[in-house]
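Student: I should like to learn how to read the features of a protein model. May we go through them one at a time?

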Amino acid sequence: LDEQGRKMSKSLGNITAPQTVCDQYGADILRLWVVGTDYTEDQRIGPEILKHQAEAYRRLRNTLRYLLGSLDGYSGAEAVAYADLPELERWVLHRLAELDAIFRPAVDDYDFHRIATELHNFCAVDLSAFYFDIRKDAIYCDAASALRRRAARTVMAELFSFLTAWLAPIVCFTAEEAWLARPKDMPDGERESVHLRLYPTIPDRWLDAALGEKWRTVRNLRRVVTGALELERAEKRIGSSLQAAPRVHVASEYREALAGLDLAEICITSGGELVEETAPAGAFALADVAGVAVEPVLAHGTKCARCWQVLEEVGKSAKHTLLCQRCEAAVDG
């Protein structure tokens, strides 16, 4: 059927030919439409539907491209053991375990629509808007030998391994192209083609329900902080979240969830403070996140020329007057 639910016919001129789709978008877009369609109902296709599929494809492709860029020069020698990974990295592995538990029975049940939907949401929401957003600072600015950067690349290598295997039957040309461009010292790296691989096996310890629940709480808090900073940006009081050091008023469960975590790192700010006290009038809050209110306080100090964080330590070094201490150590090697 066409987009209006009418049967395709030459007289109506509403036919969408597969070859035309392949010529305009590529075969992977057509395959993505097929796998993303609920085959228990009549199938609809047309220019707007294909445009939507092209956007979904772009998200998947950009995820693979970002991983390849971040893994440039990666070697298994820099891998970090699971026990030494930061919580954020272990949460990503937990999400991989959750997805694996969904995908294997979905394949057996021919529920390809769910696989396509879950993969897109994972790439768009969990990775692009959350994990990659937080870890880009470590990837770009930490010293190559820093544990946080090595841990991030260790998990990104696993992400790349799983995503290419999961995507191979769906967007076969894109997955193969990405696989052939990978660093050679990767999980399952001896395979010459992505289509010679099976779904990788998930270690049992990756699945951590308590950790998953904890990070749901952390992400809810982050949503409120992000909302407050977006409002400040819209009012042109800040140009970047790194110009802020928000004061976050929280209920006790949020303080417990943030224990041992860096609020500024998670919210991509230059500082931040958690306080358990009544928020002042005018503090930013979201109706669906009870117990969190944010005062978007400006960060004090000078902007680091390398990482762009606003810190009071910038300018105090005689050797690198424009850098913060972390960036100075990274530059000096």
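Student: With which residues is Gln309 in contact, leaving aside its neighbours within four places in sequence?

Tutor: In this predicted model, Gln309 is in contact with Asp137, Leu242, Ser270, Thr302, Lys303, Cys304 and Arg326, once neighbours within four places in sequence are left aside. Gln309 lies in the loop between strand S5 (302-303) and strand S6 (310-311).

Student: Is Gln309 buried or exposed?

Tutor: Buried means under 20% relative accessible area. Gln309 has a relative accessible area of 17%, so it is buried. Trp308 also has its place in the loop between S5 and S6, but at 51% relative accessibility Trp308 counts as exposed. Trp308 has a positive phi of about 70° although it is not a glycine.

Student: Where is Ile268, and what is its phi?

Tutor: Ile268 is placed in the loop between helix H10 (263-267) and S2. Its phi is positive, about 55°, although Ile268 is not a glycine. With a relative accessibility of 16%, Ile268 counts as buried.

Student: In which sense do S1 and S4 pair?

Tutor: Strand S1 (residues 247-250) and strand S4 (residues 289-295) pair in the antiparallel sense, over four bridges. Arg247, for instance, has Glu295 in S4 as its bridge partner.

Student: What span should H8 have?

Tutor: At 1.5 Å a residue, the 26 residues of H8 should span 38 Å. The end C-alpha atoms of H8 are 37 Å apart, which agrees. Just after H8, Lys236 takes a positive phi of about 60°.

Student: Which residues touch the most other members of the largest nonpolar core?

Tutor: They are Tyr131, Leu159 and Leu221, in a core of 79 residues. Not counting residues up to four places away in sequence, Leu221 touches Val248, Val250, Tyr254, Leu258, Leu263, Cys267, Leu274 and Val292. A second, separate core has eight residues, including Cys141, Cys304, Leu311 and Cys324.

Student: How do the axes of H4 and H5 cross?

Tutor: Two packed helices are described by the angle between their axes and the distance between the axes. The axes of helix H4 (residues 87-108) and helix H5 (residues 112-141) come within 11 Å and cross at roughly 175°. That makes H4 roughly antiparallel to H5. Among the residues of H4 in this meeting are Leu88, Trp91 and Phe103, while those of H5 include Phe122, Phe130 and Tyr131.

Student: Where does Thr154 lie, and is it buried or exposed?

Tutor: Thr154 lies in helix H6 (residues 147-167), and at 11% relative accessibility Thr154 counts as buried. Leaving aside neighbours within four places in sequence, Thr154 is in contact with Tyr74, Glu78, Ala79 and Val80. The C-alpha atoms of Thr154 and Pro203 are separated by 15 Å, these residues being 49 residues apart along the chain.

Definitions and conventions: Residues are numbered from 1 along each chain as its sequence is written. This is a predicted model: local features need pLDDT of at least 70, side-chain atom pairs count only at pLDDT 80 or more; totals for chains, interfaces and linings use all residues. Side-chain values use heavy atoms; hydrogens and water are left out. Two strands pair if DSSP finds at least two bridges between them. Helices (H or I, at least four residues) and strands (E, at least two) are DSSP runs, numbered from the N terminus. A nonpolar core is a set of buried Ala, Val, Leu, Ile, Met, Phe, Trp, Tyr and Cys residues joined through side-chain atoms within 4.5 Å. Buried means under 20% relative accessible area, exposed over 50%, partly exposed in between (1.4 Å probe, protein chains only). Contact means heavy atoms within 4.5 Å. The expected span of a helix is 1.5 Å times one less than its number of residues. Axes are lines fitted to C-alpha atoms, for helices over the stretch in contact, and angles run from 0 to 180 degrees between N-to-C directions. Angles under 35 degrees count as roughly parallel, over 145 as roughly antiparallel, 65 to 115 as roughly perpendicular and the rest as oblique.
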